[in-house]
Amino acid sequence: SGFIGDLVAAAPRLEVGGCALDALDARTGVTTAGGEARLKGPVTVRSLDCAGAGFSLAAPRIDADLRADPALARINGALALAASSARQADRSAERLTGLVTLKGSAEQLEGSASLAATEASLGMATTGALKIGGNYAVRPNAREQAYSYAGTVTAEEVRPASQDVVA
């Protein structure tokens, strides 16, 4: 315990799992104290494009503040998310922001998750501000695998995308 340093990673382009990340830049502080490690700082990408899934993000950024012991028996933290836009097939969202909190272990994590966009196009409808927020629980262990999320969605200025959809 007692380490203080920086983790810096950069790549002009990475291809992972059918997705391409352009201009990856991670500049995070790393500390250890009291038997746990802390990772804090931003990770930015100019763009994320998953062509096979028809999904893309423009200018995504994650500001991480994560703490964990070496065995991942204690995990605590938050991820602040932002992106200029997101696209998936005929759906899109603009100026995304979000926050994910987490607490637990590698065997079970719980927390809250929220995401907001200033406007969205959802195929059948367009909206002004769109927000989703709630709580989740994850048990990824294959024997007792379980995932749950309970939340609320709010949308302002909902309009049919086309009059043909309404008819």
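This report walks through selected features of a predicted model.

## Ground rules

The model is predicted, and local features need pLDDT of at least 70, side-chain atom pairs count only at pLDDT 80 or more, while totals for chains, interfaces and linings use all residues. Residues are numbered from 1 along each chain as its sequence is written, and side-chain values use heavy atoms, with hydrogens and water left out.

Strand 1 covers residues 4-16 and runs antiparallel to strand 2. Strands here are DSSP runs of E, at least two residues long, numbered from the N terminus. The two strands are joined by 12 bridges. Two strands pair if DSSP finds at least two bridges between them.

What lies between the two strands of the hairpin? There are 2 residues between them. Gly17 sits in the turn, with a positive phi of about 55 degrees.

## The disulfide

A disulfide is a covalent bond between the sulfur atoms of two cysteines. The rule used here asks for a pair of cysteine sulfur atoms within 2.5 Å. By this rule the count is 1 disulfide. Cys19 and Cys50 form a disulfide, with an S to S distance of 1.9 Å. This pair links distant parts of the chain. Cys19 is in strand 2 (residues 19-33), Cys50 is in strand 4 (residues 47-50), and the two are 31 residues apart.

The torsion about the S-S bond of Cys19 and Cys50 is about 110 degrees, so this disulfide is right-handed. Are these cysteines buried or exposed? Both Cys19 and Cys50 are buried. Buried means under 20% relative accessible area, exposed means over 50%, and partly exposed is in between (1.4 Å probe, protein chains only).

## Salt bridges

How many salt bridges are there? The count comes to 10. Each needs a side-chain nitrogen of Lys or Arg within 4 Å of a carboxyl oxygen of Asp or Glu.

Arg13, Glu15 and Asp22 are linked in a network of salt bridges. Arg13 meets Glu15 with the closest N and O atoms 3.2 Å apart. Arg13 also forms a salt bridge with Asp22, at 2.7 Å from N to O. Arg13 is partly exposed because its relative accessibility is 45%. Glu15 has a relative accessible area of 62%, so Glu15 is exposed. Asp22 counts as buried because its value is 18%.

Another salt bridge joins Glu94 to Arg87, with the closest N and O atoms 2.8 Å apart. Glu94 is buried, with a relative accessible area of 18%. Arg87 is partly exposed, at 35%.

## A loop residue and a surface patch

Ser105 lies in the loop between strand 8 (91-104) and strand 9. Ser105 counts as buried because its relative accessibility is 16%. Which residues does Ser105 touch, not counting residues up to four places away in sequence? The answer is Leu72, Ala73 and Ile75. Contact means heavy atoms within 4.5 Å.

Leu115 is in strand 9 (residues 109-117). At 39% relative accessibility, Leu115 is partly exposed. Leu115, Ile132, Tyr149 and Val153 make a nonpolar surface patch of about 350 Å². Patches are made of residues with over 30% relative accessible area and no salt bridge; nonpolar side chains (Val, Leu, Ile, Met, Phe, Trp, Tyr) are joined within 5 Å, and like charges within 9 Å. Accessible areas come from the Shrake-Rupley method with a 1.4 Å probe, and for residues only the protein chains shown count as cover.

Technical notes:
Helix = DSSP H or I, 4+ residues; strand = E, 2+ residues; numbered from the N terminus.
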